[in-house]
Amino acid sequence: MAVSVGVLGATGAVGQRLIQLLDPHPDFDLVALTASDDSAGKSYREAAKWRVDTPIPADVAEMTVTATEADAVPDHVELLFSSLPSSVGERVEPEFCEAGYVVSSNSSNDRNADDVPLTIPEVNADHLDLLEVQRDTRGWDGALVKNPNCSTITMVPTLAALDRAFGLESVRVATLQAVSGAGYDGVASMEIIDNAIPYIGGEEEKMESEARKLLGSFDGAEVRWHDADVAASCNRIPTLDGHLENVWADTREEVTAEGAADAMREYPSLDLHSSPDPLVHVFEEPDRPQPRLDRMRGGGMAVTAGGFRETGGGVQYNCLAHNTIRGAAGASVLNGELLLNDGWL
């Protein structure tokens with residue numbers, strides 16, 4: 001029987017992607033939508049300016065949007081997907097958890113909190129057991145799980161493959177990030193057309209910290225962050241979707257370009273509805289991956305990699321993922337599937 005779920009912040013760009021993914025989902029029944037007070041009481045069709053590349057689901061269009069308050073969500077809802085702005089999420093998400101709801105969140109608040117799992121299911125599913133610590137510490141009946149930043153998600157599965165095979169010592173990454181990562185109104189057209197912006201506020205710090213937490217180990221009480229040195233340079237470019245990243249990774253054991261490619265090619269997926277197989281699609285062509293050609297691999301949930309070259313201490317390569325699917329809405333849905341599979345719902 002499908003689990004009843006809802007979306008917090010349903011009218012925004014990531015909220016719309018969540019609805020696109022959840023409406024046909026075999027495990028989830030979408031029954032609740034929340035948004036700002038200005039949207040509460042309206043039908044979803046009235047409240048949301050639909051911008052996703054498939055038609056708005058007919059049943060969702062007629063649903064009534066409620067305020068983003070715990071007492072406005074039906075009691076039978078077991079799982080909430082949050083795409084709230086972090087300034088709202090840091091205040092509201094704990095209230096839902098206190099009220100007994102399990103929240104799978106894309107919002108950036110609390111990602112590095114000691115008792116909050118930051119999870120990519122194919123990489124660190126065992127970190128979900130941190131929820132026992134969270135419930136003991138906070139006294140919640142509900143729970144809060146986070147997925148990482150869209151640029152972090154793009155590179156970490158490839159790094160996990162290298163770490164498992166060769167041991168990871170340091171990472172340098174330069175990103176070329178799509179404008180959709182800033183939201184529909186995030187970058188003015190006169191700023192980005194015929195241009196590249198070599199700064200995205202807070203993005204570099206997120207990549208550097210979140211990667212180490214994701215690649216760390218859970219000892220039953222806490223997550224011990226990976227000791228790899230990670231440094232990022234983040235850039236906005238005029239592509240619509242798909243974050244392309246140039247990665248330099250130094251490893252403890254000697255690695256060849258072919259060995260790195262094989263490690264990523266062989267890195268396992270999971271038996272979850274939204275987890276693609278393969279997780280990392282490896283290209284032989286030196287000019288791939290490319291955003292327009294490769295962002296929808298695995299329904300937008302696959303990571304792609306190519307351009308492998310050996311360096312003095314490891315390898316250099318390029319990787320790509322769809323930033324609003326694998327990097328945001330799809331990541332939250334996949335975490336929801338993991339929560340259901342592991343008995344947290």
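# Reading burial, sheets and cores

Tutor: We begin with helix α1 (residues 13-22), where eight of the 10 residues are buried, so the helix is largely enclosed by the rest of the structure. Buried means under 20% relative accessible area, exposed means over 50%, and partly exposed lies in between (1.4 Å probe, protein chains only). Helices (H or I, at least four residues) and strands (E, at least two) are DSSP runs, numbered from the N terminus. This is a predicted model, in which local features need pLDDT of at least 70 and side-chain atom pairs count only at pLDDT 80 or more, while totals for chains, interfaces and linings use all residues. Residues are numbered from 1 along each chain as its sequence is written, and side-chain values use heavy atoms, with hydrogens and water left out.

Student: Which residues of α1 are buried, and what covers them?

Tutor: The buried residues of α1 are Val14, Gly15, Gln16, Arg17, Leu18, Ile19, Gln20 and Leu22. Their cover includes the strands β1, β2 and β4 (79-82), together with the helices α2 (44-47), α3 (58-61) and α12.

Student: How should I read a sheet, and in what order do the six strands of the open sheet stand?

Tutor: Strands of a sheet pair through backbone hydrogen bonds, either parallel or antiparallel. Two strands count as paired if DSSP finds at least two bridges between them. Here the order of the open sheet is β3-β2-β1-β4-β5-β6, and the pairing is parallel. At the edges stand β3 (66-67) and β6 (143-146), each with a single partner strand, so one side of each has no neighbour in the sheet. Within this sheet, β1 (residues 3-8) and β2 (residues 28-35) pair in the parallel sense over six bridges, and Gly6 stands opposite Ala32 in β2.

Student: How many bridges join β12 to β13, and how many join β13 to β14?

Tutor: β12 and β13 run parallel and are joined by three bridges, with Val303 in β13 as the bridge partner of Val280. β13 and β14, by contrast, run antiparallel and are joined by five bridges; there, Gly306 stands opposite Asn318 in β14. A hairpin of three residues joins β13 to β14. Strand β13 is also mostly covered, as six of its eight residues are buried.

Student: What should I look for in a core, and which residues have the most contacts inside the largest one?

Tutor: In soluble globular proteins, nonpolar side chains tend to be buried together. A nonpolar core is a set of buried Ala, Val, Leu, Ile, Met, Phe, Trp, Tyr and Cys residues joined through side-chain atoms within 4.5 Å. The largest such core in this model has 43 residues, and Met155, Leu159, Met264, Phe308 and Tyr317 have the most contacts inside it. Helix α7 gives the most to this core, with eight residues. There is also a second, separate core of 39 residues, which includes Val3, Val7, Trp50 and Leu338.

Student: What does Met264 touch, leaving out residues up to four places away in sequence?

Tutor: Contact means heavy atoms within 4.5 Å. With those sequence neighbours not counted, Met264 touches Thr158, Ala161, Leu162, Val280, Val282, Ala305, Phe308 and Tyr317. Met264 is itself one of the buried residues of helix α10 (residues 257-265), along with Ala257, Gly259, Ala260, Ala261 and Ala263. The cover of these α10 residues includes α7 (150-166), β12 (280-282), β13 (303-310) and β14 (314-321).

Student: Is Leu162 buried or exposed, and where is its place?

Tutor: Leu162 is in helix α7, and this residue is buried, with a relative accessible area of 0%. Leaving aside neighbours within four places in sequence, Leu162 is in contact with Gly167, Ala249, Ala260, Met264, Val315 and Tyr317.

Student: Which residues does the cis peptide bond with Pro278 join, and what is the phi of Asp110?

Tutor: A cis peptide bond joins Asp277 and Pro278, with omega about 10°, and Pro278 lies in the loop between α10 and β12. Another cis peptide bond, also with omega about 10°, joins Arg288 and Pro289, the latter in the loop between β12 and α11 (291-294). As for Asp110, its phi is near 70°, a positive value in a residue other than glycine; Asp110 is found in the loop between β5 (102-105) and α5 (121-124) and is partly exposed, with a relative accessible area of 27%. Asp194, not a glycine either, has a positive phi of about 60°. Asp194 is found in the loop between α8 (189-192) and α9 (203-214), and is exposed, with a relative accessible area of 77%.
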